[in-house]
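Reader: Could you walk me through the aromatic rings in this structure, slowly please?
Author: Gladly; here is the structure to look at first.
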Amino acid sequence: MLPGGAWGKRKPRGRRLGWVRSDARGTMWARQEGLHHPHPHTVVRCPSSSSSSVSCSGDSEEEDMGLLEVSVTDIKPPAPELGPMPDGLSPQQVVRRHILGSIVQSEGSYVESLKRVLQDYRNPLMEMEPKVLSARKCQVVFFRVKEILHCHSMFQIALSSRVAEWDSTEKIGDLFVASFSKSMVLDVYSDYVNNFTNAMSIIKKACLTKPAFLEFLKRRQVCSPDRVTLYGLMVKPIQRFPQFILLLQDMLKNTPRGHPDRLSLQLALTELETLAEKLNEQKRLADQVAEIQQLTKSVSDRSSLNKLLTSGQRQLLLCETLTETVYGDRGQLIKSKERRVFLLNDMLVCANINFKPANHRGQLEISSLVPLGPKYVVKWNTALPQVQVVEVGQDGGSYDKDNVLIQHAGTKKASAAGQAQSKVYFGPPRLFQELQDLQKDLAVIEQITFLISTLHGTYQNLNMTVAQDWCLALQRLMRVKEEEIHSANKCRLRLLLPGKPDKSGRPISFMVVFITPNPLSKISWVNRLHLAKIGLREENQPGWLCPDEDKKSRAPFWCPILVCCIPAFSPRGLSLQLGALVHSPVSCPLLGFSAVSTSLPQGYLWVGGGQEGAGGQVEIFSLNRPSPRTVKSFPLAAPVLCMEYIPEPEEGESGDESHVAAEPSAAVHPTICLGLQDGSILVYGSVDTGTQCLATSRSPGLQPVLCLRHSPFHLFAGLQDGTVAAYPRTSGGVPWDLESPPVCLTVGPGPVRTLLSLEDAVWASCGPRVTVLDATSLQTQQSFEAHQDEAVSVTHMVKAGSGVWMAFSSGSSIRLFHTETLEHLQEINIATRTTFLLPGQKHLCVTSLLICQGLLWVGTDQGVIVLLPVPRLEGIPKITGKGMVSLNGHCGPVAFLAVATSVLAPDILRSDQEEAEGPRAEEDKPDGQAHEPPPASRVGRELTRKKGILLQYRLRSTAHLPGPLLSVREPAPADGSALEHSEEDGSIYEMADDPDVWVRGRPCARDAHRKEICSVAIISGGQGYRNFGSASGGSGRPAPCGETDSALLIWQVPLTL
């Protein structure tokens, strides 16, 4: 609903959009900002979220309502101007003034662009006679532009007032919150974004069929001062909120804590991020519908594929233009062609791109004005479970090679006999042949080396040093070739697809090879294919439900996929209670390129637990296999209550860096700390599975250790008696000083249930109160009451952005607090999300919390897991959406929720082109190492016309070696033009056709900084496994453990690229 006070009362007109006068709105702005609306009686349309959708053809009578012309474009707010800069401003205040100037300039440019859309395009098209675009189609093309302009004209008026009083108030965050948190802004922009694809298709069709319209667009573009096309102007509303977010992020970075504008800026960031996320999701859904419609049009109405596409059950997970390539037996490229590949939730479709304009010149003219959407002709489609990804050089696989005849798509079918004799190549075999040739050459060079060792004379360029250099050079060439084979995987997507069986009934599979635009695209395809197959399992059909009234809302495509359910402890007879879980990330070099993008995050899971009187146990699972498996288990004297993974300290964190640098053997490796019920604190080395106990300590008074958290300078332990023990960091092999008595801080009379480590503070909970401790000095900064009931304790705290979410020992509510002002900002009742799943269940308690990648995971005592969206940026992590509920859960309380992440190595993200450009960029540096002086290069010009390899590994010259130079040429003059005598860095130099250019065969510089790609899995622990979607309480698959046994559920999150 729209706020009535802001936009006046709406007159009911059936399904029609309401009309309102903007004088109420204008007066409100004037009252707020001390300004008067220049046009107090301007009439505008008030958008409604229930308005009917705009059809692409513009035939809807609902939208052809005879618009009352609105003189919105006549609104001329005073131009916001910053006055002269006062004296005595701090550097941050100066930067904030500059950022405000950027906001003013950016908003002015945006409003001008919107006015140009109306004045230069819409109005002339509406008035033009004869019409080149009907009034109805004009409405569709320019739908909601007026309303967007009105929103931002109002915002500009308020902005003028803020700019005028900036030096006295320095506040702008609340203005963004007031202007863009209203539902009408979302409604207007949603309508515009959802209609954008329709608008562009109408413009494209008019360009192709009406030369006068095309001429009008070209004329307008030529006459414009910046030559921006209509498309360039109309895409700006889609880009507006990301631009605002970047500007506000800069403003927040330069706003100190305690500043009156800081909380407002954080709330504004939250509003804008939430708005942008919703618009992005709606745009994605609109594009998905448009792509499926385009695909459906290309299929015959009677085909089975058409029925599948029009059933409404298909989700488009990924769609991209890839290049299909066909190779010959010797690895030569026979042909390549662009295809459009569609990954739906249960099938893979490949289509030819079949756009043919009237003439080539016409296509160029039109495509420069508006993007042309292609039409498709379906080439093949296959069910997803039958699609397999095959890597270069992969011998085995899940298919039976003896009974499956493999043919490459696009090549002529070979006879069965011929196929049996010839080797089946996966990808270009040239690389493998070249590697084998190098191996043979190395064997020959080793024989030559042995013969050289028998020489009686001493020669400068023919001796053992030179011969060993040849061997090293060939070995490096072999490594380079192996890297090329590895990089052949990076952008080549090989799919094994089922074909029709041959005459003998033997199944035939055919291989399709696609070239992806970059390695990220390849990773994305392999990852989505893998997860889409898992998503077809019974437990994931469906895996999540959105608690709407109709209960029919499907979970979005990015929702986590349940990968497996495994027993938490190996001795099945012993029913141990789960205590805690941590992930120890360890990179596994054995994983191939595709395995990295499909496997769970690499490393090890440490699961701790135990039972009263029966001691404790730690189970270690390896995630470096297709499915997790136990690699080690060891008992402990008491049950494990908590765990903390401590990574290697970053630079500047350890106390004495010079000491660490001087003793590399004492470098601090990642460790895992365990807190036990008997008061023990154990520190284990987390490298591999050696499980060496590095140190042990007892808490003061042997109090049970309920929680552990670390900061750069201390390890904090929350104890049963209300004490926080702080152990200082050391520079030795063990990161913490556990031998000396710790610093003890009393925070309350009850147990310290949870700790939270922030940048410069540590939050400790005792009962309903939370105490904030300085992370360095350990002094109490302040404390506050998180719950009004003295009998309730804070049990969980998780941070996101500038807020902390808390759960309590009783009740189904969770609360949000600001990290800086400690204000209580929001309260959410989890029970309202689970009522349809647990009918009649009145009492619900939150037992675990986790925030990961913009999602708040909430575990309950009923075994149900709820997922709520939260903003990812520096703003306030308010919950705005309804969230989702998992249909997979536990039979008892969710004991913990933990995250496992591993970062994909940056070298696998480099494409072949980047690797080729890398050395050239390095050679451009004037370091004299990569360039050779021209005279030396010209010496052998006649002999180096033929392209060849200069076999030098460490030696750039043999002049410093003893003995005469064996050569038919005269020795080069020693005038400094000879090759430098510097030791080579291990690169191979390739002589190009032009011998003046020496090209490095492989880059040696460090990889350029790239955006990190994280593989993420979420693990929940609890009693047994339960499927809430099935009537019997269990899925078709047999449960891997009993209802009372401790179990782990593992969800994999699709890679976000």
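Reader: How many aromatic pairs are there by the rule you use?
Author: The count comes to 22 aromatic pairs, where rings of Phe, Tyr and Trp (its six-membered ring) pair if their centres lie within 6.5 Å, and planes under 30 degrees apart count as stacked, over 60 as edge-to-face and the rest as tilted. This is a predicted model, in which local features need pLDDT of at least 70 and side-chain atom pairs count only at pLDDT 80 or more, while totals for chains, interfaces and linings use all residues. Residues are numbered from 1 along each chain as its sequence is written, and side-chain values use heavy atoms, with hydrogens and water left out.
Reader: What kind of pair do Phe180 and Phe241 form?
Author: Phe180 and Phe241 form an edge-to-face pair, with 5.7 Å from centre to centre and 85° between the planes. Phe180 lies in helix 7 and Phe241 in helix 11, so the pair ties together parts that are 61 residues apart in sequence; helices here are DSSP runs (H or I, at least four residues), and strands are runs of E of at least two, numbered from the N terminus.
Reader: Is Phe180 buried or exposed?
Author: Phe180 counts as buried at 3% relative accessibility, since buried means under 20% relative accessible area, exposed over 50% and partly exposed in between (1.4 Å probe, protein chains only). Phe241 is buried too, with a relative accessible area of 1%.
Reader: And which residues form one aromatic cluster?
Author: That cluster is formed by Phe155, Phe176, Phe180, Tyr189, Phe241 and Phe244.
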